[in-house]
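Keep the sequence and the structure in view as you go.

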Amino acid sequence: MRFLILPPVVLVVTAIVMVLLNQYVPLAQLWESPYRWSGIVVLLIGLGIAQWHARLFHRLETNIDTFGEPGSLTRQGLFAVTRNPMYLGFIIALTGLAVCLGSLAPFLATLCFALLVNFWYIPVEERNMQRKFGQVYLDYKAEVRRWL
């Protein structure tokens, strides 16, 4: 069950829901091709940001599992300007997909994903980080914003 609620799984499920919403309940068409194709660039940037930081975790040999014990605290990469670059990358990628789809409903699914991340995943991670790193994490949290 835990595997099913890991952020990358929820990301894929959200993307599938976005496609289905676009197909069956688009709510409003926002733009047509060729403008929709600009979303591919946004999607790739978001996936690139997330992948860059996942590789950084691998290189640092730190835990990437949202619900696991944190391995280390880093300020490398975009962790210098946001405490959550992987989640930020996911949200950017979903926004790009919503642009590609061209209707309003996919943006609502992206918003739901962002709210889930902000109010469930991140608080779990922050509690774990504070428990493990104490004042060092609190100092980092005071210096670097949650998002941007």
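Q: How far is the sulfur of cysteine 112 from the closest cysteine sulfur?
A: This model is predicted, so the distance is computed from predicted atoms. The closest cysteine sulfur belongs to cysteine 100. The distance is 20 Å.

Q: How many disulfides does the count come to?
A: A disulfide is a covalent bond between the sulfur atoms of two cysteines. The sulfur of cysteine 100 has its closest cysteine sulfur in cysteine 112, too far for a bond. By the distance rule, the count is zero.

Q: Is cysteine 100 buried or exposed?
A: Buried means under 20% relative accessible area. Cysteine 100 has a relative accessibility of 13%. Cysteine 100 therefore counts as buried.

Q: Is cysteine 112 buried or exposed?
A: The cut-off for exposed is over 50%. Cysteine 112 has a relative accessibility of 52%. Cysteine 112 therefore counts as exposed.

Q: How many helices does the protein chain have?
A: There are zero strands in the protein chain. From the N terminus on, its elements run α-α-α-α-α. The number of helices is five.

Q: Which element gives the largest share of the largest nonpolar core?
A: This core has 18 residues, and those with the most contacts inside it include Met18, Tyr87 and Phe113. Two or more residues each come from α1 (7-24), α3 (85-101) and α4 (105-133). Seven residues make up the largest share, and they come from α3.

Q: How many residues does the other core have?
A: Another core lies apart from the largest one. Among its residues are Phe57, Met129, Tyr137 and Val144. In soluble globular proteins, nonpolar side chains tend to be buried together. The other core has eight residues.

Q: Which residues is phenylalanine 113 in contact with, leaving aside its neighbours within four places in sequence?
A: Phe113 is among the residues with the most contacts inside the largest core. Contact here means heavy atoms within 4.5 Å. With those neighbours set aside, its partners are Pro7, Val10, Leu11, Thr14, Phe90, Ile91 and Leu94.

Q: Are α2 and α3 roughly parallel or antiparallel to each other?
A: The axes of α2 (residues 38-60) and α3 come within 7 Å. They cross at roughly 160°. Angles over 145 degrees count as roughly antiparallel. So α2 and α3 are roughly antiparallel.

Q: Is the crossing of α2 and α3 left-handed or right-handed?
A: The residues that make the contact include Gly46, Ile49 and Ala50 of α2. On the α3 side they include Gly89, Ala93 and Gly96. The crossing is left-handed.

Q: Which residues does isoleucine 49 contact, leaving aside its neighbours within four places in sequence?
A: Isoleucine 49 sits in helix α2. Its relative accessible area is 14%, so isoleucine 49 is buried. With those neighbours set aside, its contacts are Leu78, Pro85, Gly89 and Ile92.

Q: How far apart in space are isoleucine 49 and tyrosine 87?
A: In sequence, isoleucine 49 and tyrosine 87 are 38 residues apart. The distance in space runs from C-alpha to C-alpha. It is 9.1 Å.

Q: Are α1 and α3 roughly parallel or antiparallel to each other?
A: The axes of α1 and α3 are 10 Å apart. Residues such as Leu11 and Met18 in α1 meet a group in α3 that includes Phe90 and Leu94. The angle is about 15°, and the crossing is right-handed. Angles under 35 degrees count as roughly parallel, so α1 and α3 are roughly parallel.

Q: Which residue does a cis peptide bond join to serine 33?
A: Omega of this bond is about 5°.

Q: What is the phi of leucine 27?
A: Leucine 27 is found in the loop between α1 and α2. Its relative accessible area is 55%, so leucine 27 is exposed. Leucine 27 is not a glycine, yet its phi is positive, at about 70°.

Q: Is glutamate 61 buried or exposed?
A: Glutamate 61 lies in the loop between α2 and α3. Its phi is positive, near 55°. Its relative accessibility is 74%, so glutamate 61 counts as exposed.

Note on methods
Residues are numbered from 1 along each chain as its sequence is written. This is a predicted model: local features need pLDDT of at least 70, side-chain atom pairs count only at pLDDT 80 or more; totals for chains, interfaces and linings use all residues. Side-chain values use heavy atoms; hydrogens and water are left out. A nonpolar core is a set of buried Ala, Val, Leu, Ile, Met, Phe, Trp, Tyr and Cys residues joined through side-chain atoms within 4.5 Å. Buried means under 20% relative accessible area, exposed over 50%, partly exposed in between (1.4 Å probe, protein chains only). Helices (H or I, at least four residues) and strands (E, at least two) are DSSP runs, numbered from the N terminus. A disulfide is a pair of cysteine sulfur atoms within 2.5 Å. Axes are lines fitted to C-alpha atoms, for helices over the stretch in contact, and angles run from 0 to 180 degrees between N-to-C directions. Angles under 35 degrees count as roughly parallel, over 145 as roughly antiparallel, 65 to 115 as roughly perpendicular and the rest as oblique. A crossing is left-handed if the near helix is turned anticlockwise from the far one by less than a right angle, and right-handed if clockwise.
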